[in-house]
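Reader: I would like to learn how to read backbone and sheet features in a model such as this one. Could we go through them one at a time?

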Amino acid sequence: MKNKAVKIGQNSLCPCGSGKKYKNCCRNKKIEISIKEEYKRKYDIYLKEPHQIEGIRKSGKLLISILNQVEKMIKPGLKTEDINTLVHEETIKAGAIPAPLNYRGFPKSVCVSVNEVICHGIPGDRVLKDGDIVNVDITPILDGYYSDASKTFFVGTPSEQGKKIVSVAAESLKRGIQTIAPGATLGDIGYAIQSYAESCGCSVVREFVGHGVGIDFHEQPQVLHFGTRGKGTVLVPGMVFTIEPMINLGKKELHVLEDKWTAVTNDGSLSAQFEQTLAVTETGWESLTPYEL
């Protein structure tokens with residue numbers, strides 16, 4: 001999944017992070033090495049080399065193959081633990097490692113979040129019912145490379161509320177992705193998501209954000225799903241990060257349950273999420289975990 005975008009304009013902010021316009025800064029310089037060094041020094045962002053992006057891409061192919069298997073098994077009567085079993089076994093079978101397992105004490109190999117659960121749902125005895133929505137968030141480590149993606153699925157026949165929140169969440173991710181191009185900013189991504197979701201009467205979760213990924217599970221930058229156009233770090237080729245907006249049908253406030261992981265909406269409203277791992281390219285973006293939105 002690739003998309004072309006215009007090159008950095010003369011009056012755009014320079015990708016090196018100086019705060020100056022491109023025409024007054026690095027337009028006529030060979031800056032590939034200096035940008036990588038500057039982003040590491042200033043933002044702790046590790047720009048990926050082509051071979052590393054290829055490693056993440058391969059991890060992403062495995063992830064999507066497992067996610068597609070999960071989609072086929074979703075039905076009323078299924079336990080969330082059954083999803084964990086499939087994800088764990090298929091990950092190990094491929095010679096990969098499920099990154100969530102034992103990460104900061106998380107006890108399972110995948111996050112499964114149902115209805116009012118925003119994220120970090122722990123698989124167990126909960127049985128899926130007709131009309132539920134369920135988000136499945138998978139992160140395999142293949143040959144040392146991490147990829148990260150999730151989708152929200154309908155269980156049986158969706159309710160009107162379920163159809164609305166899943167549609168808004170998917171479109172929110174799509175709009176965030178479409179802003180990615182060299183010279184754009186992280187604030188552009190957040191603005192695109194927030195303005196769309198709120199125009200639909202939904203809310204954007206603030207406490208959980210997208211993040212750099214690839215060499216580690218969670219890297220810099222943090223990718224907020226709300227924000228202001230033109231603000232934040234300038235995007236440059238080699239950046240790899242997730243966009244994963246969590247959209248609530250009701251208000252944005254949440255709380256975490258006693259298990260210290262499961263985040264739920266305060267008002268009990270439905271919450272949906274879609275996530276992909278994206279790379280900034282010379283001409284725009286590439287999804288390393290591509291699926292149709």
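Reader: Is Asn 115 buried or exposed?

Author: Asn 115 is buried, with a relative accessible area of 12%, where buried means under 20% relative accessible area, exposed over 50% and partly exposed in between, for a 1.4 Å probe and protein chains only. This is a predicted model, in which local features need pLDDT of at least 70, side-chain atom pairs count only at pLDDT 80 or more, and totals for chains, interfaces and linings use all residues. Residues are numbered from 1 along each chain as its sequence is written, and side-chain values use heavy atoms, with hydrogens and water left out.

Reader: What is the phi of Asn 115, and where is the residue placed?

Author: Most residues other than glycine have a negative phi, and most peptide bonds are trans. Asn 115, however, has a positive phi near 55°, and its place is the loop between β3 and β4 (117-119), strands being DSSP runs of E of at least two residues, numbered from the N terminus. Asn 102, in the loop between β2 (97-98) and β3, also has a positive phi, of about 70°, but Asn 102 is exposed, with a relative accessible area of 58%.

Reader: Which peptide bond is cis?

Author: The bond from Gln 220 to Pro 221 is cis, with omega near 10°, and Pro 221 is found in strand β11 (residues 219-223).

Reader: In what order do the three strands of the open sheet stand?

Author: Strands of a sheet pair through backbone hydrogen bonds, either parallel or antiparallel. Here the order is β3-β5-β8 with antiparallel pairing, two strands counting as paired if DSSP finds at least two bridges between them. Because β3 (111-114) and β8 (149-154) stand at the edges with a single partner strand each, one side of each is left without a neighbour in the sheet.

Terms used
Helix = DSSP H or I, 4+ residues; strand = E, 2+ residues; numbered from the N terminus.
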